Amino acid sequence: MELRHFRCVLAVAHSLHFARAAVELGISPPALTKRVQEAEALLGTRLFQRSKRSVVLTAAGELFVLEARRALVQLEQAQDVARRAGRGELGRLEIGYIASAAYSGVLQTQFARFRAAHPGIHISAREYAMELLPDLLDQGRLDLAFVRPPLHLPEGLDSVVLLRDRFVLAVHADSVLAQLPGATIAPTVLAQAAFIVPEQEWGTLEVSRRGGFVAQVVSRPGSLVAVLTEVSLGAGCAIVPHSLMATVNMPGVTYRELAGPLISSEIAAAFRRHEQAPAARLFITQLRAAALAMA
């Protein structure tokens, strides 16, 4: 059966008059009669009892009309869902992030803004090791990723900076470094220090460059929480984003500002340059606008 059969049967069932139903549908009465007869032939049963004076539904017709109305409502809902999804009003986004994107508040700000504007789009978010995010995005397993530059991105990816932060020094609270006088610590003072390096090693490399030494790396535990945990156990010091200093108060860890020009620490959003999914394009548009407003 075709959709036209459903509509013809429902029109006749509504008015119980072939001529009026034909006017309602904008077709001729013979064409309407033919379609109803086709429907009955396909179903193998009569839907209407016809006489010169009246048209009434059969028992089969009454049940068919009940289900046909439900089917048409479901069809209209399916069409509406497809149209809304095509406009980016519905959909699903898979987003990967690094922990510092959450510590900085960038992740929460962008999510809240997008959900307020597009409540029909479901967002799933999961923390990943930063080195995994570019490939997951490039392979289509993620729609967007919140990362910390500098980070190599495959050719088809692009990114925008959403936050400019700075790096600070995390040390054990009872260490010599923690007791040094002054508001800041110069990179040269760290020449003999043991370093615990997070997944973004840019801060550590820049501190050692400015101090004129090669950092003595004793551990690369990965996540920032793992880095701070090792600092709290006295394993060494770490160069971490200032956002951590502002949000994470771990026993046994204190933070010190670094002397000299600020060492830039950024949070960026990465995405496919030629994204086709409407929901993802809407989020990318928001991210580009946020980056432009920050510039």
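**Exercise 1.** Which residues form a nonpolar patch on the surface, and what accessible area do they have together?

*Solution.* The model is predicted: local features need pLDDT of at least 70, side-chain atom pairs count only at pLDDT 80 or more, and totals for chains, interfaces and linings use all residues. Residues are numbered from 1 along each chain as its sequence is written, and side-chain values use heavy atoms, with hydrogens and water left out.

Step 1. Met1, Leu42 and Leu43 form the patch, with about 270 Å² of accessible area together (Shrake-Rupley method, 1.4 Å probe, only the protein chains shown counting as cover).

**Exercise 2.** Determine where Leu43 is found and how it is classed.

*Solution.* Step 1. Leu43 is found in helix α3 (residues 29-43); helices are DSSP runs of H or I with at least four residues, and strands are runs of E with at least two.

Step 1. Leu43 counts as partly exposed because its relative accessibility is 36%, where buried means under 20%, exposed over 50% and partly exposed in between.

**Exercise 3.** Describe the nonpolar cores (buried Ala, Val, Leu, Ile, Met, Phe, Trp, Tyr and Cys joined through side-chain atoms within 4.5 Å).

*Solution.* Step 1. The largest core has 36 residues, and Leu93, Ile95, Phe146, Leu162, Phe283 and Leu287 touch the most other members.

Step 1. Its largest share, 7 residues, comes from α12.

Step 2. A second, separate core of 19 residues includes Leu10, Ala11, Phe18 and Phe48.

Notes. Patches are made of residues with over 30% relative accessible area and no salt bridge: like charges are joined within 9 Å, nonpolar side chains (Val, Leu, Ile, Met, Phe, Trp, Tyr) within 5 Å. A salt bridge is a side-chain nitrogen of Lys or Arg within 4 Å of a carboxyl oxygen of Asp or Glu. Buried means under 20% relative accessible area, exposed over 50%, partly exposed in between (1.4 Å probe, protein chains only).
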